[in-house]
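Dear colleague,

Please find the structure below, followed by a summary of what was found in it. I would be grateful if you would read the two side by side.

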Amino acid sequence: MQELASSHTISVLVDNEPGILARVVGLFSGRGYNIESLTVAQTDAKANLSRITIVTSGTPMVIEQIKAQLDRLVPVHRVRDLTVEGPHIERELALVKVKSVGEKRVEALRLADVFRAKVIDAKTDSFVFEVTGNSDKVQTFVGLMETLGLVDVGRTGIVAMSRGAEQL
């Protein structure tokens, strides 16, 4: 029986040093694994640490290989598969530009209110909305804006962390 591929959110704590992101991305590309979402930022200035959050898909065996290979990289301190470890929080931010007038403009504002999106720029014929939430919420909002004059979308990618008191 063939195992099904599923999406996993992997959190990697690394030294904040030049080249580490290239090494992580190289690990994926060199083995033919796809990265669906990638975010990275310094999380601890004193300890000079960054968190890389990667969303990728694969069979359980492939995911285990990815985690093992990430764990072997020298500046990596910890690798966690948040998808299987239990409760965690995932969020994404998107900037969504919509060009519309008249009823479509009113509908875009109404939907933004429903999705708790903020208007961060307004012109007489366009808006830029900021929407945050899980990826499904962001994608649904973007999809609804397509019929109302969607012009452009910028997405951050997923950031995630486990729930509770423990640190990555």
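**Findings**

M145 is buried, its relative accessible area being 0%. Please note that this is a predicted model. The residue belongs to helix α5, which spans residues 135-146. Leaving aside residues up to four places away in sequence, M145 touches V96, V98, A108, L111, F129 and L150. Between M145 and K99 the C-alpha to C-alpha distance is 9.6 Å, although 46 residues separate the two in sequence.

Strand β7 (residues 126-133) is mostly covered, with six of its eight residues buried. It runs antiparallel to strand β5 (residues 88-99), to which eight bridges join it. Strand β6 (residues 118-122) is also antiparallel to β7, and four bridges connect them. The link from β6 to β7 is a hairpin through three residues. E130 of β7 stands opposite L95, and E130 is also the bridge partner of K118.

Helix α1 covers residues 20-30, and its buried residues are I20, V24, L27 and F28. These lie on the same side of α1, because they cover an arc of only 95 degrees around the axis. In general, an α-helix has 3.6 residues a turn, so residues three or four places apart point the same way. A22, S29 and G30, on the other side of α1, are exposed. The buried residues of the helix pack against β1 (6-15), β2 (35-44), β3 (49-58) and α2 (60-72). After α1 comes G32, which has a positive phi near 75 degrees.

As to the aromatic residues, a search of the whole structure finds four aromatic pairs. One of them is formed by F28 and Y33; this pair is edge-to-face, at 6.3 Å centre to centre and with 80 degrees between the planes. Both partners are buried, F28 with a relative accessible area of 1% and Y33 with 17%. For F115 and F141, the ring centres are 5.4 Å apart and the planes stand at 55 degrees, so this pair is tilted. F115 is in the loop between α4 (102-114) and β6, whereas F141 is in helix α5, so the pair ties together parts that are 26 residues apart in sequence. F115 counts as buried at 14% relative accessibility, as does F141 at 0%. Ring pairs also link F115, F127, F129 and F141 into a cluster. One member of this cluster, F129, is among the residues that M145 touches.

Yours sincerely

How values were computed
Residues are numbered from 1 along each chain as its sequence is written. This is a predicted model: local features need pLDDT of at least 70, side-chain atom pairs count only at pLDDT 80 or more; totals for chains, interfaces and linings use all residues. Side-chain values use heavy atoms; hydrogens and water are left out. Helices (H or I, at least four residues) and strands (E, at least two) are DSSP runs, numbered from the N terminus. Buried means under 20% relative accessible area, exposed over 50%, partly exposed in between (1.4 Å probe, protein chains only). Contact means heavy atoms within 4.5 Å. Two strands pair if DSSP finds at least two bridges between them. The arc is that of the directions from the helix axis to the C-beta atoms. Rings of Phe, Tyr and Trp (its six-membered ring) pair if their centres lie within 6.5 Å; planes under 30 degrees apart count as stacked, over 60 as edge-to-face and the rest as tilted.
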